[in-house]
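Reader: I have a structure to get through and have not looked at it before. Can you take me through it in short answers?

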Amino acid sequence: MKPPICLICQRAFDPAVELVTFRRTAEDVEWDAQRITGHPPYAEWFCGKHVAQAKKLSHLTLAEARERLVALGLGLGAWGSGLDVWRLNLTPHAPSLTPFPSPPLGPRGNPSTRPTEN
């Protein structure tokens, strides 16, 4: 499970935080069928200030709700206006899916912080 951090403002551990579930896509139904333990891909945390707005959009898929929230100017937390990241369905809680390129590898296969000499 992801920690209870509001998707919109990134407020952590708000006493009024709620997990809002959105309409499931075909992929979400497959995820449920696999009985995987973890955070459902169709649910997100919202603080007390933003939960009402999120619940109003719960009839949409999470991707559709994210686009509506961005259109309303709510920004979506640390990603700000990173709409391309949300369209790819990536989250800041999934570092293996980062939209940024991997660092170059040095001669031993470790990330290199300085240029290698040939």
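Reader: Start with threonine 25. Is it buried, partly exposed or exposed?

Author: Threonine 25 counts as partly exposed because its relative accessibility is 25%. Buried means under 20% relative accessible area, exposed over 50%, and partly exposed in between, with a 1.4 Å probe and protein chains only.

Reader: What kind of model is this, and how are things numbered and counted?

Author: This is a predicted model, where local features need pLDDT of at least 70 and side-chain atom pairs count only at pLDDT 80 or more, while totals for chains, interfaces and linings use all residues. Residues are numbered from 1 along each chain as its sequence is written, and side-chain values use heavy atoms, with hydrogens and water left out.

Reader: Back to threonine 25. Where is it in the chain?

Author: Threonine 25 is in the loop between strand S1 (18-21) and helix H1 (26-33). Helices (H or I, at least four residues) and strands (E, at least two) are DSSP runs, numbered from the N terminus.

Reader: How far is threonine 25 from proline 41?

Author: In sequence they are 16 residues apart, and in space 9.5 Å, C-alpha to C-alpha.

Reader: Zooming out, how many helices and strands are there?

Author: The chain has four helices and two strands. Read from the N terminus, the order is β-α-β-α-α-α.

Reader: And what fraction of the chain is buried?

Author: Of its 118 residues, 31% count as buried. The accessible surface of the chain is about 7,900 Å², and carbon and sulfur atoms hold 55% of that. Those areas come from the Shrake-Rupley method with a 1.4 Å probe; for residues, only the protein chains shown count as cover.

Reader: What share of the contacts links residues 24 or more positions apart?

Author: Such residues account for 52% of the contacts with a separation of 6 or more. A contact means heavy atoms within 4.5 Å.

Reader: New topic. How many aromatic pairs are there?

Author: Two. Rings of Phe, Tyr and Trp (its six-membered ring) pair if their centres lie within 6.5 Å; planes under 30 degrees apart count as stacked, over 60 as edge-to-face and the rest as tilted. Phenylalanine 22 and phenylalanine 46 make an edge-to-face pair, 6.2 Å centre to centre with 65 degrees between the planes.

Reader: Which parts of the chain does that pair link?

Author: Distant ones, 24 residues apart: phenylalanine 22 sits in the loop between S1 and H1, and phenylalanine 46 in strand S2 (residues 43-46). Both phenylalanines are buried.

Reader: Why is the pair of tryptophan 31 and tyrosine 42 called edge-to-face?

Author: Because the planes of tryptophan 31 and tyrosine 42 stand at 85 degrees, with the ring centres 6.4 Å apart. Tryptophan 31 lies in helix H1 and tyrosine 42 in the loop between H1 and S2, so the pair ties together parts 11 residues apart in sequence. Tryptophan 31 and tyrosine 42 are both buried.

Reader: Now helix H3. Which residues are buried there?

Author: In H3 (residues 62-71), Leu62, Ala65, Arg66 and Leu69 are buried. They are on the same side of H3 because they cover an arc of only 105 degrees around the axis, the arc being that of the directions from the helix axis to the C-beta atoms.
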